[in-house]
Amino acid sequence: MKKLAKILLFAALVLPVLVSCNKDDEPKKSVLGTILPYFNEVGFAIQLDNGESMYPSRVHVNYQPKESAQRAIIYFTENNTPAAPFTYNVNIHGITEIETKEIELVSSSEEELSNDGIEIVEAYIGGGYINIEFKVNIDPYQKNQKHVVSLVDNQIGGEPKYDGYYPLELRFKRDHSLMDGKGQTVSNLVCFYIGSYNIDRLGCNGYEIKFTGLDSETNKDPEGKPMKSVKISPIADMK
């Protein structure tokens with residue numbers, strides 16, 4: 001898939017990676033997948049977006065798996081020894097974690113929705129997640145930044161009415177103001193677990209993800225809702 005190849009290249013260029021120091025056994029492949037807790041020596045296994053799976057027989061990085069599912073780019077080499085029922089037996093040489101979150105339901109006007117500018121570069125459905133590459137403006141000189149990216153089901157005005165694509169809103173909350181009003185534009189990845197928002201239950205073809213764009217003040221309607229949007233569906237993402 002072109003989208004997956006682009007995301008793997010992007011991750012290799014800009015995201016921090018836990019990598020092996022063993023120069024004689026360099027990783028030869030990389031793939032986007034979901035790290036799941038598993039009762040083996042390393043404490044985890046890997047589910048790929050195409051339904052295949054990986055058994056990590058050796059892990060050449062100091063990695064502590066989380067208690068819940070974690071999206072990540074996996075750098076690996078294959079072993080010839082079968083590891084049934086897994087599709088592949090692999091050595092892990094590097095892991096790049098991707099922020100993994102759930103879709104948030106907001107139904108009370110007392111809940112504050114963040115409105116800082118955010119731009120969607122690419123979005124697709126895969127592995128049971130909505131995977132989004134985005135751009136935001138931040139102050140590069142601020143330390144210990146804790147920005148928040150959320151995918152929101154905004155039901156403050158009641159349940160949404162939709163025709164084919166269920167509406168969601170990508171929101172960004174910056175933890176500081178920008179000195180010059182612009183800051184530096186950076187890109188990143190985030191994955192949102194679909195769960196109960198699966199298209200069969202909703203009776204829709206996909207999702208319409210609304211966002212403000214980087215020029216956030218000019219891309220909101222009178223009620224402050226984002227006006228820009230992209231539509232994604234499983235069928236479109238297979239092309």
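Visitor: Which residue is the bridge partner of Asn137 in β13?
Guide: In this predicted model, Asn137 has Thr185 as its bridge partner in β13. The strands β10 and β13 pair in the antiparallel sense, and their pairing runs over ten bridges.

Visitor: And what's the strand order in the open sheet of four?
Guide: The order is β7-β13-β10-β9, with mixed pairing, and the edge strands, each of which pairs on one side only, are β7 (99-102) and β9. From one strand to the next, the twist averages 30 degrees.

Visitor: OK, switching to the open sheet of five strands: what order does it have?
Guide: That sheet is ordered β8-β11-β12-β14-β15, and its pairing is mixed. Its edge strands are β8 (104-106) and β15 (228-232), and the twist from one strand to the next averages 35 degrees.

Visitor: Are β12 and β14 parallel or antiparallel there?
Guide: Strand β12, residues 165-173, pairs with strand β14, residues 206-211, in the parallel sense over five bridges; within that pairing, Pro167 has Glu208 of β14 as its bridge partner.

Visitor: Now the packing. Which residues have the most contacts inside the largest nonpolar core?
Guide: Those are Ile130, Ile132, Leu170, Tyr207 and Ile209, in a core of 26 residues. Strands that each supply at least two residues of this core include β11 (148-154), β12 and β14, as well as β9 (119-126), β10 (129-138) and β13 (184-193).

Visitor: Which strand gives the most to it?
Guide: That is β10, which contributes five residues to this core. There is also a second, separate core of 14 residues, among them Phe44, Met54, Tyr63 and Val90.

Note on methods
Residues numbered from 1 in each chain as written. Predicted model: local features only at pLDDT ≥ 70, side-chain atom pairs only at ≥ 80, totals over all residues. Heavy atoms only, no water. Pairing = 2+ DSSP bridges. Axes fitted to C-alpha atoms, helices over the stretch in contact; angles between N-to-C directions. Core = buried A, V, L, I, M, F, W, Y, C linked by side-chain atoms within 4.5 Å. Buried < 20%, exposed > 50% of the residue type's maximum accessible area, 1.4 Å probe, protein only.
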